[in-house]
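I keep this notebook to record what I looked up, one topic per entry.

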Amino acid sequence: MSHHDAARTALRICPLCEATCGLTLTIEGTRVTGARGDRDDVFSQGFICPKGASFGELDADPDRLRMPLVREDGRLREASWDEAFDAVAAGLRPLIEQYGPNAVGVVLGNPNVHTMAGALYPPVLLSTLRTRNLFTAGTLDQMPKHVSSGLLFGSPVAIPVPDLDRTDHLLLLGANPLESNGSLCTAADFPGKLKALRRRGGKLVVVDPRRTRTAKLADQHLAIRPGTDALLLAALAQVLFEEKRTEPGRLEQHVEGMDELREAIQPFTPEAVAEACDIPADEIRTMARELAAAPTAAVYGRVGSSTVEYGTLANWLVDVLNILTGNLDRPGGALFPLAATDRAPRPAGPGKGFALGRWQSRVSGHPEAKGELPMAALAEEIETPGEGQIRALISLAANPVLSAPDGNRLDAALAGLDFMVSVDPYLNETSRRAHVVLPPPPPSQSAHYDFAFSAFAVRNQVRYTRPAVPLEEGRLDESEILARLILAASGMHGAEPSAVDAMVIESTLAKAVADPLSPVHGRDAKELAAQLTGRTGPERRLDLMLRLGPYGDGFGAQGGSTHGLTLDRLLAHPHGIDLGPLEPRVPEVLKTRSGRIELFPAPIAADLPRLRRALGERAASLVLVGRRHLRSNNSWLHNVPALGGGTNRCTLQVHPEDAARLGLADGATARITADGGALDVPVEVTDTVRTGVVSLPHGWGHNRPGTRMKVAAASPGVNVNQLLDGSRLDPLSGTAVLNGFPVEVAPIS
């Protein structure tokens, strides 16, 4: 690059966590040399964290694959794109034709929700494949929330978020947003919003076995025993009923099951749960009273209260408390966002509802949830012969060898597949087993729109950024990679990749013009398709979704929103368009069969006795929890030098009293043992973790041969999920119990 290349700037929404902050990138030639917060971004207003600041380093990571890899004689070698897709078609099609659609498993990892293509193409792949063997990161983090929302509201994606900017009282469980920046609650500068809540006289209560950075900021921190959040929440609800403090307000007419709930929750008194939770009964009573008395309040629980034995019950009780106090669906409480690409609101009324367990997994009979099977069951579905055995795997941006229980077993199972294709920028612990690896380009070369996270945002807004840097020669856009993968898997190998977008647009418009409630009802679908703008298939699809969405122009229909959103209008606002604060959406958001909030659904009622039995059980003397790092996101940012070191390291945190009792010294190595095996790990003695609890972060264990991630391999850490054998699951959601499981720790002399 000559010094005459003047630096320029370009906007890019950050894809590295759920906060979706706007970045201003500095670009010299085709290199991103700097990243700072975009002060004019309508949502993030200049906020940035260390992950966003490292955008350039991540983007230019020399370990990122540039060309596809194809396995030949047991070794992966570089290949052309055509050769790679030929290999995919040759690997998948004969297996599907011989053994049927369920012979192919699909694994979706978290990064899919951080790219445009990851939102647009996997649903098309699944509808063309028609396999029941779908496994996602959801059963390793958030499926309990989808299941409880499905049961309560009739839709697994109707997820209320705390109204952070207006609430007077926030009760946080199993969440550490100062490190995670938020989860299933998209808020740029979550830390700033919590500080603002306290400045305006509000109260922040944090329930967490660790004194996290979030807990340190709180007015009150309760160091609960891990895994008992559901008991605490049930006791809070019990107090509200017992002391006649339930005030659902305008929700009353939209709720059913209140009397059954009151009766079922009766045994969970503060005195009954105090010992299990390790929180005094009078503190629980005070918490309930303060929650009820606050002018507005919101209860918010996340990964720590989802990845436990009673994850679905805990997530259900979070919303139950918001409903009982009249805070669901009211400003300052917990509200349902309305994203620009959501379906336009429909008249209220009964819906199809949400069914669990429409089919079971083949080997262990796990019920599906939201069309998915537990990631913990993937290995046995590959290993076990017979009809329906998974013989081929399509892995999209997933690293289950590190993120799922018992990675060693899964690793061995992957090695035995007839065929595996990975879409991944890295040769990591999972993709190293693939027969074909298809690498997407770095984020600077990709357009960005947040389909998933806008639906969980604490303020309605819409933002889109085009690629900051042109696609490097020899690379394919991620949307083209996934479109060609769909064609290769569905028997249309060699067709134009644009055919996939054209097919989706055609079928979406055909449905819309046939729908009496659509703004384009009765119009000519071909004429509407011709009006779509955009340079690419994904842009045309975005234009279509915006126009038919709740703020869209409805293709010029009278019924079009006052915002009149289109892609062109959005491109004219490079820093985004603010669509206003969240507003009440009940009853229109409800899709239950009754058309009401079903407070005490049958699957919950059937699982509650299991929670009652927990009241009498003796607690394990030592249990493990994970932890979040601000400079990390699961296993996928450990190869960026700027994000390593400091607190972002793989240590076993132990309370000084436990360390003394077990003979553990700070910095020494300890052996930790659980259901699935043992790990040797350095000890960090700290009183930030409560007694009876040790903490080990997840996403580590970068020491398997055949990976190509030099920075990660230099400080590999250990894989905490290797302590699990996959048998501990939350039964309603199939989510792996990754937190609050019993362990033994001993010094290594």
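**Entry on two helices.** I looked up helix α12 (residues 270–277) and helix α13 (residues 281–293), whose axes come within 8 Å and cross at roughly 115°; the axes are lines fitted to C-alpha atoms, for helices over the stretch in contact, and angles run from 0 to 180 degrees between N-to-C directions. Helices (H or I, at least four residues) and strands (E, at least two) are DSSP runs, numbered from the N terminus. The two helices are therefore roughly perpendicular to each other, a term that covers angles of 65 to 115 degrees. I noted next that the contact, which means heavy atoms within 4.5 Å, is made by Pro270, Glu271, Val273 and Ala274 of α12 and by Ala281, Ile284 and Arg285 of α13. Sorted by class, this contact has five nonpolar, no polar and two charged residues, where Ala, Val, Leu, Ile, Met, Phe, Trp, Tyr, Cys and Pro count as nonpolar, Asp, Glu, Lys and Arg as charged, and the others, Gly among them, as polar.

**Entry on the source.** I must keep in mind that this is a predicted model, in which local features need pLDDT of at least 70, side-chain atom pairs count only at pLDDT 80 or more, and totals for chains, interfaces and linings use all residues. Residues are numbered from 1 along each chain as its sequence is written, and side-chain values use heavy atoms, with hydrogens and water left out.

**Entry on the backbone.** Most residues other than glycine have a negative phi, and most peptide bonds are trans. I found that aspartate 73, in the loop between β4 (69–72) and β5 (75–78), has a positive phi of about 55° although it is not a glycine. Aspartate 73 is exposed, with a relative accessible area of 78%; exposed means over 50%, buried under 20% and partly exposed in between (1.4 Å probe, protein chains only). Phenylalanine 555 also has a positive phi of about 55°, but this residue is buried, with a relative accessible area of 4%. I also looked at valine 586 and proline 587, which are joined by a cis peptide bond with omega of about 10°.

**Entry on a strand.** I saw that β25 (residues 669–674) and β26 (residues 677–685) pair in the antiparallel sense over six bridges, pairing being counted if DSSP finds at least two bridges between two strands. In β26, valine 681 is the bridge partner of alanine 670, and the two strands form a hairpin with two residues between them.

Note on methods: Angles under 35 degrees count as roughly parallel, over 145 as roughly antiparallel, 65 to 115 as roughly perpendicular and the rest as oblique.
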